[in-house]
Amino acid sequence: MIRTLLITLALAAPLPLAAQEAPRQDMEEGVDLLSEGARTLLRGLLDEVEPHMREMAEALEGWDLEGLSVDDLTNYHAPEVLPNGDIIIRRKTPLAPDEPPFPRDPESEIEL
């Protein structure tokens with residue numbers, strides 16, 4: 001009886017290790033499949049967006065964006081949505097009436 005028990009335990013000991021290997025392999029395969037799926041999804045999104053990004057870059061190529069900056073954001077209140085749908089961002093301390101919001105370059109201005 002003890003002999004049978006020892007033989008059974010000796011034969012059964014590798015089974016838990018083998019049983020653990022199968023789920024680990026399945027999990028690794030699952031992770032690999034998820035990674036491949038994520039890569040495929042992101043590649044598809046990039047392929048779809050890339051032509052539009054290139055088009056936008058070409059359209060913005062001649063623009064002078066230097067004067068389109070916002071000073072310190074702590075100078076402004078949180079954005080408000082008006083009843084008509086407009087969004088405004090108010091300064092906490094208004095500028096003086098004679099002080100322009102951005103320095104102006106007289107050479108780049110167009111006289112009307």
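Me: Is Asp32 buried or exposed?
Reply: In this predicted model, Asp32 is exposed, with a relative accessible area of 54%. The label follows from the cut-off, because a residue counts as exposed when its relative accessible area is over 50%.

Me: Where does Asp32 sit in the chain?
Reply: Asp32 belongs to helix 2, the helix that covers residues 14-60.

Me: And which surface patch is Asp32 in?
Reply: Asp32 is part of a negative surface patch, which it forms together with Asp26, Glu28 and Glu29.

Me: What share of the residues counts as buried?
Reply: The computed share is 0% of the 112 residues in the chain. In this context, buried means a relative accessible area under 20%.

Me: Which residues make the nonpolar surface patch?
Reply: That patch is made by Val49, Met53, Met56, Leu60, Trp63 and Leu65, and its area is about 580 Å².

Me: Take Leu65 from that list, where is it?
Reply: Leu65 lies in the loop that runs between helix 2 and strand 1, where strand 1 is residues 80-81. With a relative accessibility of 45%, Leu65 counts as partly exposed, since that label is used for values between the 20% limit for buried and the 50% limit for exposed.

Me: New topic: how many salt bridges does the structure hold?
Reply: There are four salt bridges in the structure, and we can go through some of them one at a time.

Me: Let's start with Glu36, which side chain does it meet?
Reply: The side chain of Glu36 meets that of Arg39 in a salt bridge, with 2.9 Å from N to O. Both residues are in helix 2, and they are three residues apart, which is about one turn of the helix.

Me: What about Asp47, what is its partner?
Reply: Asp47 forms a salt bridge with Arg43, and the closest N and O atoms of this pair are 3.6 Å apart. Here too the two residues lie in helix 2, four residues apart, or about one turn of the helix. Asp47 is partly exposed at 42%, and Arg43 is partly exposed at 48%.

Me: And Arg54, which residue does it pair with?
Reply: Arg54 pairs with Glu50, their side chains meeting in a salt bridge at 2.8 Å from N to O.

Me: Why are Arg54 and Glu50 separated by about one helical turn?
Reply: Arg54 and Glu50 are separated by about one helical turn because they are four residues apart in helix 2. Arg54 is exposed, with a relative accessible area of 51%, while Glu50 is partly exposed at 37%.

Me: Switching to the other end, where is Ile89 found?
Reply: Ile89 is found in the segment after strand 2, and strand 2 is residues 87-88. At 52% relative accessibility, Ile89 counts as exposed.

Me: What does Ile89 touch, leaving out residues up to four places away in sequence?
Reply: Leaving those out, Ile89 touches Tyr76, His77 and Pro79. For Tyr76, the separation from Ile89 is 13 residues in sequence, and 6.6 Å in space from C-alpha to C-alpha.

Me: Last one: how far is Leu73 from Arg91?
Reply: Their C-alpha atoms are separated by 9.2 Å, and Leu73 and Arg91 are 18 residues apart along the chain. Leu73 is in the loop between helix 2 and strand 1, and it is exposed, with a relative accessible area of 62%.

Methods
Residues are numbered from 1 along each chain as its sequence is written. This is a predicted model: local features need pLDDT of at least 70, side-chain atom pairs count only at pLDDT 80 or more; totals for chains, interfaces and linings use all residues. Side-chain values use heavy atoms; hydrogens and water are left out. Patches are made of residues with over 30% relative accessible area and no salt bridge: like charges are joined within 9 Å, nonpolar side chains (Val, Leu, Ile, Met, Phe, Trp, Tyr) within 5 Å. Accessible areas come from the Shrake-Rupley method with a 1.4 Å probe; for residues, only the protein chains shown count as cover. Lys and Arg count as positive and Asp and Glu as negative; His and the chain ends are not counted. The place of a charge is taken as NZ of Lys, CZ of Arg, CG of Asp or CD of Glu. Buried means under 20% relative accessible area, exposed over 50%, partly exposed in between (1.4 Å probe, protein chains only). Contact means heavy atoms within 4.5 Å.
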